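Subject: Handover of a structure, with findings

Dear colleague,

Please find the structure below, together with its sequence.

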Amino acid sequence: MVAIPDVMKAVQLIGHGGLDQLVYRDDVPTPRASAGEVLIDVHACGMNNTDVWVREGAYGTETAPESISTWRRGRSTLTFPRIQGADTVGRIVDVGAGVPDERVGQRVMVDFSIYNRPEGDESLADIDYIGHGRDGGYAEYVAVPAENAYEITADITDAELATFCCAYLTAEQMLDRAQLVGGERILVTGASGGVGSAIVQLARVRGAIPYAVSSPGKEAALREIGAEDVVLRDTPELVADVERVVDGPVDVVADLVAGPMFNDLLRILRPEGRYTTAGAIAGPVVELDLRTMYLKHLELHGSSQGTRTAFRRLVRYIENGDIRPLLDKTFPLSDFHEAQRTFMAKTYIGKLVVVPDRHWDSVGALHAAS
């Protein structure tokens, strides 16, 4: 058994606000594996939009969209200080009571969801996540339920593996909700981000045909991961441009942008088409002409995170090489502010990952920011 220090380095969120609310410390008590849990030596942890929105308190409430509120809107489990970080990859170094000792040494990827329901119950009505309801992976160590730690043997780096967890599970659940099937055409907004690029790949796994909406300069990268074609986001004629580019009707819109383009996205859908969303980076409060929805018999699906079944499917895709990581840059954990500034700038393609400094030479330097 390896020696586990009493304290560790970690980034703590100490309140809602700006980057000053994220504090890098070297004296945080190291967690211990309780019964049914494993302790993970963190090698890499991917960044996500929810990290920023939780820090900013940007989720609002149903009656006051601009108010300060965290994820789960009015029933939050967030307490400060909190170590965020959902996309954890590392090695198990200790186990709690009831967990086989043979698990020590396994390289694992963490299913970040806290389901609050027994195995077999796929409802997400009471879901929470690691990095919000309990401490996450922006640290040297994290303790998680043993069932959430999946051994991964795929021949990819730890930093690459950390690109999959949250983004790809969110994407897979969106496609499950929309019931996307082979041969259908899907339009993906925010396609160069973590979830958007995941949707492009996962649509191809299903045999569907993805079309991407993104900003200029990212077209080649999106085609390389499977986009049939690309429509530029800032076009003044989104509906006409999509009609020109897409070879046939749009069956599904997977939207991560919303804002002013929302109603146009519904116009783009064929009659009886399906709209699915898990984000709104251009604005969560939108204008909707209900006539567009009901006269076209549209389905609108909200989605967040995913089920145990979807995560296990994702693990299988990774092990089989059906999807590939899209890692843009890595940052040392001690440079977390710069990592999040880069994340918010949205100039990258795919995912950003942070690596504890003590693993930087072996994990992070290969994919470091230039």
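Contact here means heavy atoms within 4.5 Å of each other. Helices (H or I, at least four residues) and strands (E, at least two) are DSSP runs, numbered from the N terminus. Axes are lines fitted to C-alpha atoms, for helices over the stretch in contact, and angles run from 0 to 180 degrees between N-to-C directions.

This is a predicted model, in which local features need pLDDT of at least 70 and side-chain atom pairs count only at pLDDT 80 or more, while totals for chains, interfaces and linings use all residues. Residues are numbered from 1 along each chain as its sequence is written, and side-chain values use heavy atoms, with hydrogens and water left out.

**The chain as a whole**

The protein chain has eleven helices and 17 strands. Of the 370 residues, 57% count as buried, that is, under 20% relative accessible area with a 1.4 Å probe, protein chains only. Among contacts with a separation of 6 or more, 72% join residues 24 or more positions apart.

**The sheet and its helices**

Six strands form an open, parallel sheet in the order β12-β11-β10-β13-β14-β15; two strands pair if DSSP finds at least two bridges between them. At the edges are β12 (229-232) and β15 (299-302), each of which pairs on one side only. On average, neighbouring strands of this sheet are turned by 20° against each other, direction ignored.

Strand β14 (residues 269-277) runs parallel to β15 and is joined to it by four bridges. Thr277 stands opposite Gly302 in β15.

Helix α3 (residues 165-178) lies across β10 (185-189), β13 (250-255), β14 and β15, at about 150° to β14. Helix α4 (residues 194-205) also packs on the sheet, where it touches β10, β11 (209-214) and β13. The direction of helix α4 makes about 165° with that of β10.

Thr170 lies in helix α3 and is buried, with a relative accessible area of 7%. The Thr170 side chain reaches the backbone oxygen of Cys166 at 2.8 Å. Leaving aside residues up to four places away in sequence, Thr170 touches Val195, Ala278 and Gln305.

With kind regards

Conventions. Buried means under 20% relative accessible area, exposed over 50%, partly exposed in between (1.4 Å probe, protein chains only). A polar contact is a pair of N or O atoms within 3.5 Å; within protein, one must be able to donate a hydrogen and the other to accept it, and residues adjacent in sequence count only if both atoms are side-chain atoms.
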